[in-house]
Amino acid sequence: MKCTFSCKKVNLSDSVKAYTEKKLSKLDRFFRETPSAAVTFSVEKEHLCSVEITIRSGTTLLRAQKMAPDGDMRGAVDAACGYIERQILKNKTRLAKKLRGEVQVPAEDEA
């Protein structure tokens, strides 16, 4: 996954960025094409950490924004990745049900 990082009002270490890449790489198995992810880290007020993740793959757009009030940026990354994974699984099952519903075996007429 191609990751683009941006930071607002905070300087992050490379360890947080590497942790985020590791978490996002686990989501690669759900995509056929190589997706691109835009990750924005910010700190609001005093210790309210916010992470915004936007993943684009083809026509698919997934977005999550999570906050961690205790100042833990890794916790916010975990929450956002979990939210995106739930979005993927929800849409995957919805599409599977829709495709199963469209394929119907025609009934044979008894003559």
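Tutor: Let's take the salt bridges and then a helix.
Before that, this is a predicted model, where local features need pLDDT of at least 70, side-chain atom pairs count only at pLDDT 80 or more, and totals for chains, interfaces and linings use all residues. Residues are numbered from 1 along each chain as its sequence is written, and side-chain values use heavy atoms, with hydrogens and water left out.

Student: Fine. Why is the contact between Asp78 and Lys23 called a salt bridge?

Tutor: The term asks for a side-chain nitrogen of Lys or Arg within 4 Å of a carboxyl oxygen of Asp or Glu. For Asp78 and Lys23 the N to O distance is 3.4 Å, so the pair qualifies. The two sit 55 residues apart, Asp78 in helix α2 (residues 73-102) and Lys23 in helix α1 (residues 14-25). Helices here are DSSP runs of H or I with at least four residues, strands are E runs of at least two, and both are numbered from the N terminus.

Student: What makes Lys23 partly exposed?

Tutor: Buried means under 20% relative accessible area, exposed means over 50%, and partly exposed is in between (1.4 Å probe, protein chains only). Lys23 comes out at 25%, so it is partly exposed. Asp78, at 30%, gets that label too.

Student: How many salt bridges does the structure hold?

Tutor: Three. Another one joins Arg29 and Glu85, at 3.4 Å from N to O. Arg29 is exposed at 60%, whereas Glu85 is partly exposed at 27%.
There is also Arg63 with Glu52, whose closest N and O atoms are 3.3 Å apart. Arg63 lies in strand β4 (residues 60-68) and Glu52 in strand β3 (residues 48-57), so the pair ties together parts 11 residues apart in sequence.

Student: On to α1. How do you know that its span agrees with its number of residues?

Tutor: The expected span is 1.5 Å times one less than the number of residues. With 12 residues, α1 should span 16 Å, and its end C-alpha atoms are 16 Å apart, so the two agree.

Student: And what makes the buried residues of α1 line one face?

Tutor: Val16, Thr20 and Leu24 are buried in α1. Seen down the axis, the buried residues fall within an arc of 70 degrees, so they line one face of the helix. That arc is taken from the directions from the helix axis to the C-beta atoms. An α-helix has 3.6 residues a turn, so residues three or four places apart point the same way. On the other side of α1, Asp14 and Lys22 are exposed.
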